[in-house]
Amino acid sequence: MEKGTRKKNSKGTSSIEGLKHARQEEMTQPEKYMFSLAAIALVVAVCVAPLTAEISTSGFSSHKHSVLKMDEAVLTVNNDLDSEVVVFWMSERCYQCLYQQLGVVPAAQSPGQPGSVDFVVSTQHEITLQLNSTPVNLELCTIPFHFGEHGNYSLWVKNLNDSSVVNCSVVNDADPINSYIPILVAFLIFAGLAVVSAIGRTLLGLDVVKGILFRISGSMETERLINSELGSPGRTVTSVTDNILPPPPNPSKRLRSLDTFRGVSLVIMVFVNYGGGRYWFFRHTSWNGLTVADLVFPWFVFIMGTSIALSVNSLLRAGLTRCALLRKVVWRSLQLFIIGVFIINPNYCQGPLSWDNLRIPGVLQRLAWSYLVVASLDLLVARGHLDILTTGAWWSPGLDILLYWPAWLCVLLLESIWLFLTFQLPVPDCPTGYLGPGGIGDMGLYANCTGGAAGFIDRWLLGENHIYQTPSSRVIFATHMPYDPEGVLGSINSVLMAFLGLQAGKIILHYRELHRSIMSRFLIWGLLLGAISALLTKCSTDQGFIPVNKNLWSLSYVTTLACFAFVLLVLVYYTVDVKKWWSGAPFYYPGMNSILVYVGHEVFEEYFPFRWRMANSQSHAEHLTQNLVATSCWVVISYVLYRKKIFWKI
């Protein structure tokens, strides 16, 4: 841990400054106000949990519902035919998949007494039911239907008007619950707190309120109120360093938008890691496509690259040598890797770590690799003094790219290696260039080919026991091969993501206070990367040349998420640093202590108040409340650490 201290004037301070120094650990009025709002948010969230649970389970009348889990419904299949019916199902998210058998429904015993069997079906996505007759396995009908959570449905199979034509129809016997009400309630709570916070800051900025506070608290407290960061979001914080490199001797202006962007990514990452209320869109997608959970890690890598550019430039200007910085980069990368392997390791849930099943890849390991490569490349080409560069030449608009062409060449070479290995490496018993999930995907032809070349390289280089054993592809595609989403081959594209973030940092350095130029270039990069994504994916989920895939960290995944990152960075930069409409709170605080928050939320995940025994473990409302409270706790912790000037830097 590093604890910051305030530098004192060698010639002494005025009485007011002395009092301020003596009371620097106390909160100002707006800070107390914000801290109180955070505490209120936690209390309200806990108190509202039973209410949301009661609302979300209204209409819960059938006895059958009591045994249902989250995202499940009851389907009763009534067979009025004189032969058995076999029921199959397939999720709409399962691309080119085999149907899976749900069960067999016996034939009707007599007219008016159909054969009947109850099944439990998934409600996360629309599913397609296929009914076949036995013993000839003739397809009778196919029904796509999206079942509602805890609903009760009947599927009737009859001969139409006593003919050979079979009619299949679904009837809703009991209405499903609305499992999204807890999200609405949570949104209203936090939106209300944000509105109250904004109104409070506005009122505190009025001259009338300042006068009242002056009379109540005295001139010293009023001065602190006016100068408070929370009361005046436009104040600039010094030091241009990321959460890895130490502050330079001569600190310069720091952009709050970068820490805010990092904080947004981190807070969402913590929330989805804690479970995201067990909603499917807060979990990683099974294979191709995107969910909320798939957005945040690449954004974190992106903003790390941006911070590298600013940090290296600042430290070079401060006089540090490139060799000294390279040693620090290597050492910090090694520390990140060690923390990821031995502290943040999912195998802890299986007992003490053992080399026999130790997972080697991981989130921090990938951050370490990306940081090492991108920081090293930047140290080779970075310019310490950009103010002496020629800006009047015809090629000056491309200065932020042309000056660093050797680094670009290295990254393009790495990307060529990824493309070659992905599409040309022979994989035993699998088609060359395969990008599918295996399992029941692709009609079950390549069940053991999960991830193609990426999976094969990990299994060959690291061993099956040292990679992730329960990939998200198991959920829909029923894969049984281990596959690691933070594997070796995908790490190449994480370098590309960090390097694109580095480019954002170069734009900020070259155009400093020219806000219009910075934002226009961000938008140009976003447009260019979006066009590349559209070309690679053919604007589809599964039909493109290279689909968007988080498990593979495919090229289109990087270009798509980098496009989003540039656009989001424009919005945050404009509102926080240009117009100063927003201070970045509360995301700014975890963004300033990202390593501590990430490691802490993983290590203390199973401890109170981050987790507790729930009354109903199959309630979205209780899971959402628990996950929001846990995430809010880390925001409050990061705020307290910020006030105490405690920052964990490695």
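**A loop residue, a helix pair and a sheet**

Modeller: In this predicted model, T285 lies in the loop that runs between α6 (256-273) and α7 (296-317). T285 has a relative accessible area of 11%, and because that is under 20% it counts as buried. Leaving aside residues up to four places away in sequence, T285 touches L290, T291 and D294, and also S472 and N551.

On the α6 side the contact is made by V267, V270 and F271, which meet L624, N627, L628, T631, W634 and V635 in α19. Sorted by class, this contact of α6 with α19 comprises seven nonpolar and two polar residues, with no charged ones.

Turning to the sheet, four strands form an open arrangement in the order β4-β3-β6-β7, with antiparallel pairing. β4 (100-105) and β7 (138-145) stand at its edges, and each has a single partner strand, so one side of each is left without a neighbour in the sheet. On average, and with direction ignored, neighbouring strands of this sheet are turned by 20 degrees against each other. Within the sheet, strand β3 (residues 85-91) pairs with strand β6 (residues 127-133) in the antiparallel sense over seven bridges, and M90 stands opposite T128 in β6.

Conventions: Residues numbered from 1 in each chain as written. Predicted model: local features only at pLDDT ≥ 70, side-chain atom pairs only at ≥ 80, totals over all residues. Heavy atoms only, no water. Helix = DSSP H or I, 4+ residues; strand = E, 2+ residues; numbered from the N terminus. Buried < 20%, exposed > 50% of the residue type's maximum accessible area, 1.4 Å probe, protein only. Contact = heavy atoms within 4.5 Å. Pairing = 2+ DSSP bridges. Axes fitted to C-alpha atoms, helices over the stretch in contact; angles between N-to-C directions. Nonpolar A, V, L, I, M, F, W, Y, C, P; charged D, E, K, R; others polar.
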